[in-house]
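Please look through the sequence and the three-dimensional structure shown here before reading on. The briefing that follows takes up the chains one topic at a time.

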Amino acid sequence: MDPDPSPDPAPPPPPAADEATTALDALSLRAAADLPPDFAAPEIDEDDDDEGYATAASRGGSSTAAWKEEMEGLEEDAYGDAGPPSPSSSGYAGERGSSLASSGIEEEPDAATPPHAPGAEDWARGKKHADEDDASASWRKRKKHFFILSNSGKPIYSRYGDEHKLAGFSATLQAIVSFVENSADHIKFVRAGKHQIVFLVKGPIYLVCISCTEESFEGLRGQLELMYGQMLLILTKSVNRCFEKNPKFDMAPLLGGTDAVFLSLIRAFSWNPATFLHAYTCLPLAQPTRQAASAVLQDIADSGVLFALLMCEHKVISLVGAQKATLHPDDILLLANFILSSESFRTSESFSPICLPRYNSMAFLYAYVHFFDENTYVTLLTPRSDAFYDLKDSRARIQDVLLKSNVLLEVQRSLHENVLRVEDVPVDLSSQPTSPPAQSSEMAIGGPAGLWHFIYKSVNLDQYVSSEFALPIKSPKEQKRLYKAYQKFYASMHDKATGPHRTQFRRDEDYVLFCWITQDFELYAAFHPLADKTQAIKTCNRVCQWIRDVENKVFVYGESTLAWQYHHCWGDM
Amino acid sequence: MGCSSSLPASNAGGIGNINNDNSATDSKNLKLKLVLLGDSGVGKSCIVLRFVRGQFDPTSKVTVGASFLSQVLALEDSTTVKFEIWDTAGQERYAALAPLYYRGAGAAIVVYDITSEESLNKAQYWVKELQKHGSQDMIMALVGNKADLHEKRTVSSQDAQEYADRNNMFFVETSAKTADNINQLFEEIAKRLPRPTPPS
């Protein structure tokens, strides 16, 4: 089915709210009739600061012999010897609820804390509002829900509330999917009043987002794809086999203790442009500093490590892959999110199985993770399960070099100083000796021509840089709104039905948004709503020139051939 | 990269185990690979962090995969023991990986929470697994953690002690929060460590 509202002969998810109600009623499931009316009325913004968080240790803890067998049996399976399933062979039959019972509800530590400080706050500790279920008024008013469920309707994950109590609701979602699939069709989304219910079916696993945030279908679907990717990073796609053996397999315990990971990813949807740009960002560093880091990582990669990444929070300092292996930007995003949201990585060095879904969704790699300081960490990925001591030695070598060449110090300095500010966009002195008289004094805030913010993505490098937010969009709420506007803009620029487009200029009461896409880059810029179009476009040209001037500082270059191609492209512009 | 090459441990053999081969010890400086196993949330990481760093952090930090820490303990007989500790994740999805960490280990601490009978069940599962697949001369300790929460106790010391005796383990109740019995636990393991016979 198409996301556009053109009529479809098959029984589609109807676009209108009342029709949706009828369709849901037809499924005659308990929760179905409640759905549309309850999803009206004032919503609770997920980032409103009055929320409390449960500090629960984990929800898992239950034994899932099927998974263990899956993990152990795979090796034999590879030789074509798939043994019969015997899910009851485990020596213990644990139940849920064995995790820490001492948890309580805590107020969010600091209402003013922006979501930009990953791992810094305690919000990432556990499940949000675990006491809620679909009967709670507060649960129904949440602006954006995420669910993961199995194709038998078993809940696997819910952003809000306790999965167990949401069994009925999950069954409803499952029924909607199978209702449409029974007519040999696939559900993409349902619109019900202000709400959009977006579905993503991945084999035996269904992902659903219920949102009234006015985000685009493409945007929400992209977020569900990342949720799925995050799940694969933890479990690999081999979890599907558990469902083949037992369709009623309860998968939720396998994700025990990972609430913070998903919560942090959902937060990233509203502050991290990497979630929709499918590009990563680098920490700006002087070329020699980065080269020192890259050289030692390259050394390590040549000695049997598949990928070596040095990162500061979500920003890449250097990354190196063995031979032809390349890392997809989404994998970098999901890996960094996993590491930064799991506090235990900061406590000591770790060795953990991790799957890079875009690299190989079926197999685990082993990740050696070590934090050099509060926010700088190295991740070494290898297919060898016995490589820990080798990687530990490699890390010591890396640490030596980083200390000797002052890389860690430079990283800290860059973190605080090396930001791209719109105020620093060079003014073209030759054509514009003074600022245009037409500009109001308001316009003087921010960069030239009322520039408030920009994101520049290099298509060839899969990397982006973004400016610091100018004063008018300093608050996290404003920033979140701008990112949502960018996301919509991104979706419309890349719309397969009408695009792709080269430029778009849009003015509304909040901003002027300008987007420019070429073979080599994508530029997204936000200006004061009264910005002059000609001046804005001139400014965008200058931003592009400026980025070219500092490209060695703000981007990471891979092998020399890649860099050559890249410069070759620049030459054509 | 094939599917089979990068899978976590299998009991069918042929798996790599994490083992530092330079376990060369002289009679005065011993080295011991130790693994902690148990249900999630029983306090394995807290026990290790109390022993290694003398710290206790009440906020629970779910361990991912396994963490590696080391600590040197000096004994009264002027020997030192360097503990290389694998603090494993209690989550179910990592259960299949455990052999990776306990293979080649000289000692194992199986932890349960004295306020949770369920966690003792899981501890018993780990004991069975170690008896089946661990090395023969492995020193095994059964540890009831959270002893400070005695008013919420559901597992009696006697039951645990009897179980430990039956399985040739030593038993101790600890509190990572109050540091009660933590050092004693590691000292006891160190004492039981077989001393290499000095070359004649």
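Where in chain B is the place of B:Ser135? B:Ser135 sits in the loop between helix 3 (117-133) and strand 5 of chain B, where helices (H or I, at least four residues) and strands (E, at least two) are DSSP runs, numbered from the N terminus. This is a predicted model, in which local features need pLDDT of at least 70 and side-chain atom pairs count only at pLDDT 80 or more, while totals for chains, interfaces and linings use all residues. Residues are numbered from 1 along each chain as its sequence is written, chains are lettered from A and ligands numbered from 1 in the order in which they are written, and side-chain values use heavy atoms, with hydrogens and water left out.

**The two chains in outline**

- Chain A has 573 residues, of which 57% count as buried, a word that here means under 20% relative accessible area, with exposed meaning over 50% and partly exposed in between (1.4 Å probe, protein chains only).
- The secondary structure of chain A comes to 17 helices and 18 strands, whereas that of chain B comes to 5 helices and 6 strands.
- Read from the N terminus on, the elements of chain B follow the order β-α-β-β-α-β-α-β-α-β-α.
- Of the 200 residues of chain B, 56% count as buried.
- Among contacts (heavy atoms within 4.5 Å) in chain A between residues at least 6 apart in sequence, 67% join residues at least 24 apart.
- In chain B, residues 24 or more positions apart account for 73% of the contacts with a separation of 6 or more.

**Annotated spans of chain A**

- UniProt, in an unreviewed entry, lists residues 144-262 of chain A as "domain: FUZ/MON1/HPS1 first Longin"; its positions are given in the numbering used here, feature names are shortened, and annotations may be inferred rather than shown by experiment.
- Over residues 144-262 the chain is 37% helix and 25% strand, and the end C-alpha atoms are 14 Å apart.
- For "domain: FUZ/MON1/HPS1 second Longin", the unreviewed UniProt entry gives residues 304-398 of chain A.
- That span, residues 304-398 of chain A, is 29% helix and 35% strand, and its end C-alpha atoms lie 15 Å apart.

**Helix packing in chain A**

- Two packed helices are described by the angle between their axes and the distance between the axes.
- Helix 6 (residues 217-235) and helix 8 (residues 259-268) of chain A pack at an angle of about 150°, with their axes 11 Å apart; axes are lines fitted to C-alpha atoms, for helices over the stretch in contact, and angles run from 0 to 180 degrees between N-to-C directions.
- That angle makes helix 6 of chain A roughly antiparallel to helix 8 of chain A, a label for angles over 145 degrees, while those under 35 count as roughly parallel, 65 to 115 as roughly perpendicular and the rest as oblique.
- Where these helices meet, A:Leu226, A:Met227, A:Gln230, A:Met231 and A:Ile234 in helix 6 touch A:Val261, A:Phe262, A:Leu265 and A:Ile266 in helix 8.
- By class, the contact of helix 6 with helix 8 of chain A has 8 nonpolar, 1 polar and no charged residues, where Ala, Val, Leu, Ile, Met, Phe, Trp, Tyr, Cys and Pro count as nonpolar, Asp, Glu, Lys and Arg as charged, and the others, Gly among them, as polar.
- Helix 10 (residues 287-301) and helix 13 (residues 388-404) of chain A pack at an angle of about 165°, with their axes 10 Å apart.
- That angle makes helix 10 of chain A roughly antiparallel to helix 13 of chain A.
- The contact of helix 10 with helix 13 of chain A has 8 nonpolar, 1 polar and 2 charged residues.

**Loop residues of chain B**

- B:Ser135 is partly exposed, with a relative accessible area of 31%, and its C-alpha atom lies 23 Å from that of B:Gln161, which is 26 residues apart from it in sequence.
- Most residues other than glycine have a negative phi.
- B:Lys146, in the loop between strand 5 (139-145) and helix 4 (157-166) of chain B, has a positive phi of about 65° although it is not a glycine, and B:Lys146 is buried at a relative accessible area of 12%.
- B:Asn168, in the loop between helix 4 and strand 6 (170-173) of chain B, has a positive phi of about 60° and is not a glycine either, but B:Asn168 counts as exposed at 72% relative accessibility.
- B:Ala147 lies in the loop between strand 5 and helix 4 of chain B and is buried, with a relative accessible area of 15%.
- Leaving aside neighbours within four places in sequence, B:Ala147 is in contact with B:Ile114, B:Glu173, B:Thr174 and B:Ser175.
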